[in-house]
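Biologist: I am new to this structure. Please show me how to read its features.

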Amino acid sequence: MSIPVLCPKCQEFSQIPALARGQTVLCPFCNHSFRAESSTFEIPTVYPKPTKVTDDFDYRIHDQVDPTGPKNVLFGLALLPFIIPLLWILGPTITGKEAIFTFTLPMAIAISSTGLCMGIVLAAEWTFATRVKGILAIVLVMHFCSGFLYFLKTEWVELIRKELGRANEDRWIRFVSKDRKFAARVPSPMREGPAVLLDGIPMEVYQTSDVEDPATYIVAHGRQPVELNEQPDQKFFDEMRDKATAASGGTLVSETEARLPGYPGREMVFQLAERNTRRIIRVYRIERTVLATAVEGAFLTHDAGDVKIFFDHIEWNPRK
């Protein structure tokens with residue numbers, strides 16, 4: 001083991017064996033002999049010479065390489081989810097099948113996925129490889145989910161809607177109109193609304209939307225057209241079908257008989273212009289009055305629990 005010593009003549013440091021401490025040694029620089037005392041072991045602290053900073057000093061670091069990898073590559077990968085809307089546009093041409101959902105869905109998937117990917121790009125203390133793996137994992141999962149939703153069949157969604165539509169009747173409330181002519185069981189209070197169920201017939205309309213279900217429930221009543229007063233039921237309901245078709249702006253899917261205790265009626269299912277939205281309407285002929293009840297929403301089925309609860313609890317008071 002060697003230790004440094006300072007020559008008192010030339011002020012240069014040299015190394016000597018540790019066992020030579022306290023003995024006379026010879027400086028290798030000036031050949032001066034001196035006793036290696038303990039005071040000679042103190043090494044002075046050398047401070048760097050201060051650098052003057054001028055006003056035009058550029059504090060920016062140029063040409064610095066990001067140790068985690070090039071950020072432009074990460075940003076490019078983070079934008080890959082926007083391929084999903086493009087594939088949805090090209091889908092009908094490539095596959096010959098129209099998606100059951102609107103273009104809003106792939107755009108929502110693309111925007112949310114890109115937001116997650118940007119979070120990974122900006123995450124602290126992640127290696128470049130980890131960021132790339134995280135982004136690609138999100139992109140692959142979202143592409144798979146969007147592909148599944150694109151090829152999802154309407155029948156499957158309607159089946160799910162039917163199962164979820166098994167509403168808890170206990171939470172529904174009984175609504176009575178202001179003129180007390182009808183009562184209905186609905187998921188939330190009804191208010192006067194602007195909906196039109198039968199084109200050209202002035203009606204008093206009440207409607208409500210379920211807070212747990214986007215379906216809309218509508219009840220309307222009014223005087224039947226004078227020209228139909230003496231017409232048979234078949235003629236009356238043919239006219240009501242035409243007026244319901246004009247009011248909905250959709251396509252009639254099915255028509256079946258429906259009755260309110262003591263009164264004839266018809267149930268008509270319309271596919272509306274908005275994709276996968278249906279209006280199920282029941283029209284009753286009550287002497288000189290037309291009573292129309294309807295449920296409108298996406299992927300509706302006439303035998304879903306909530307739809308049946310609504311239609312099965314319509315009451316009419318003939319004395320009012």
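**Helix contact and salt bridges**

Modeller: Start with a helix pair: Leu105, Ile109, Ser113, Leu116, Cys117, Ile120 and Val121 of α3 meet Arg131, Gly134, Ile135, Ile138, Val139, Met142, Ser146 and Leu149 of α4. Contact means heavy atoms within 4.5 Å. Helices (H or I, at least four residues) and strands (E, at least two) are DSSP runs, numbered from the N terminus. This is a predicted model, where local features need pLDDT of at least 70 and side-chain atom pairs count only at pLDDT 80 or more, while totals for chains, interfaces and linings use all residues. Residues are numbered from 1 along each chain as its sequence is written, and side-chain values use heavy atoms, with hydrogens and water left out.

Biologist: At roughly what angle do the axes of α3 and α4 cross?

Modeller: Axes are lines fitted to C-alpha atoms, for helices over the stretch in contact, and angles run from 0 to 180 degrees between N-to-C directions. The axes of α3 (residues 104-121) and α4 (residues 128-150) cross at roughly 170 degrees and come within 9 Å. That makes α3 roughly antiparallel to α4 (angles over 145 degrees count as such).

Biologist: How many salt bridges are found in the whole structure?

Modeller: Side chains of opposite charge can pair when their charged atoms come close. A salt bridge is a side-chain nitrogen of Lys or Arg within 4 Å of a carboxyl oxygen of Asp or Glu. The whole structure has 10 salt bridges. Asp238, Arg241 and Glu255 are linked in a network of them.

Biologist: Which strands hold arginine 282 and glutamate 267?

Modeller: First, the bridge: arginine 282 pairs with glutamate 267, with the closest N and O atoms 2.8 Å apart. Arginine 282 lies in β12 (residues 277-286) and glutamate 267 in β11 (residues 263-271), so the pair ties together parts 15 residues apart in sequence.

Biologist: Is arginine 282 buried or exposed?

Modeller: Buried means under 20% relative accessible area, exposed over 50%, partly exposed in between (1.4 Å probe, protein chains only). Arginine 282 is buried, at 15%. Glutamate 267 is buried too, at 6%. Now take arginine 259 and glutamate 257, whose side chains meet in a salt bridge (3.9 Å, N to O). Arginine 259 is exposed at 52%, and glutamate 257 is exposed at 56%.

Notes. Angles under 35 degrees count as roughly parallel, over 145 as roughly antiparallel, 65 to 115 as roughly perpendicular and the rest as oblique.
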